[in-house]
Amino acid sequence: EDNETKMCRFANFLRMVFQQPVVDSPTLIQASRALGHLARAGGTATADFVEFELKRSIDWLRVGHRSGDTAKLHAAVLVLKELAANAPVSFSPLIQDFVDHIWVAIQSDGKPILREAAIDALRAVLAVIAARKSEMRCVHQWFSKIEE
């Protein structure tokens, strides 16, 4: 088996962890960190699963407050934090969606661990925004929007 096949298989195992209705927090944290490490590895297979996880996590963030599914919200913010830190180029197109919907998890009446994870994800995304030095005007725009 080549490395790409192994990476795809491992990414699929991690996907199953995030889809479970009940998963303890340490398991979610470790699975999201592993996903971040895979994202940093790069490659064509990596790009596909990173894109999939980004879109799914943003979607879970978007509908999480309506469904009341704190497990999916928690998984989403952990995955988004790791992918922002480890795959910032892939994450950049979704910054607007992230900023629009992260407040649901930050202001959640759920567990404090969910709110803390959401704040950590926001911190990682702010680092991505700040690193975009070539687009300084855009950076100021994002920070102004978040201030509102």
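The legends below describe close-up views of a predicted model of one protein chain.

**View 1. The protein chain is built from eight helices and zero strands.** Along the sequence, the elements follow the pattern α-α-α-α-α-α-α-α. The protein chain has 148 residues, of which 42% count as buried. Its accessible surface comes to about 8,100 Å², and carbon and sulfur atoms account for 55% of that area. Among contacts between residues at least 6 apart in sequence, 62% join residues at least 24 apart.

**View 2. The largest nonpolar core contains 43 residues.** The residues with the most contacts inside this core are Phe 18, Leu 61, Val 77, Phe 91, Phe 98, Ile 102 and Ala 105. At least two core residues come from each of α1 (3-19), α2 (25-41), α3 (44-67), α4 (70-86), α6 (95-106) and α7 (112-130). In soluble globular proteins, nonpolar side chains tend to be buried together.

**View 3. Val 77 is shown with the residues it touches.** Leaving aside residues up to four places away in sequence, Val 77 touches Leu 61, Ile 102, Ala 105, Leu 114, Ala 117, Ala 118 and Ala 121. Of these neighbours, Leu 61, Ile 102 and Ala 105 are also listed with Val 77 among the residues that have the most contacts inside the largest nonpolar core.

**View 4. Helices α2 and α4 cross at roughly 30°.** Their axes come within 8 Å. Because angles under 35 degrees count as roughly parallel, α2 is roughly parallel to α4. The crossing of the two helices is right-handed. On the α2 side, the residues that meet α4 are Ser 25, Leu 28, Ile 29, Ser 32, Arg 33, Leu 35, Gly 36, Ala 39 and Arg 40. Their counterparts in α4 are Ala 71, His 74, Ala 75, Leu 78, Val 79, Glu 82, Leu 83 and Asn 86.

**View 5. Helices α4 and α7 cross at roughly 25°.** The axes of α4 and α7 come within 8 Å, and the angle makes α4 roughly parallel to α7. Here α4 passes α7 in a left-handed crossing. From α4, the contact involves Thr 70, Leu 73, His 74, Val 77, Leu 78, Lys 81 and Ala 84. These residues meet Ile 113, Leu 114, Ala 117, Ala 118, Asp 120, Ala 121, Ala 124, Val 125 and Val 128 in α7.

Key. Residues are numbered from 1 along each chain as its sequence is written. This is a predicted model: local features need pLDDT of at least 70, side-chain atom pairs count only at pLDDT 80 or more; totals for chains, interfaces and linings use all residues. Side-chain values use heavy atoms; hydrogens and water are left out. Helices (H or I, at least four residues) and strands (E, at least two) are DSSP runs, numbered from the N terminus. Buried means under 20% relative accessible area, exposed over 50%, partly exposed in between (1.4 Å probe, protein chains only). Contact means heavy atoms within 4.5 Å. Accessible areas come from the Shrake-Rupley method with a 1.4 Å probe; for residues, only the protein chains shown count as cover. A nonpolar core is a set of buried Ala, Val, Leu, Ile, Met, Phe, Trp, Tyr and Cys residues joined through side-chain atoms within 4.5 Å. Axes are lines fitted to C-alpha atoms, for helices over the stretch in contact, and angles run from 0 to 180 degrees between N-to-C directions. Angles under 35 degrees count as roughly parallel, over 145 as roughly antiparallel, 65 to 115 as roughly perpendicular and the rest as oblique. A crossing is left-handed if the near helix is turned anticlockwise from the far one by less than a right angle, and right-handed if clockwise.
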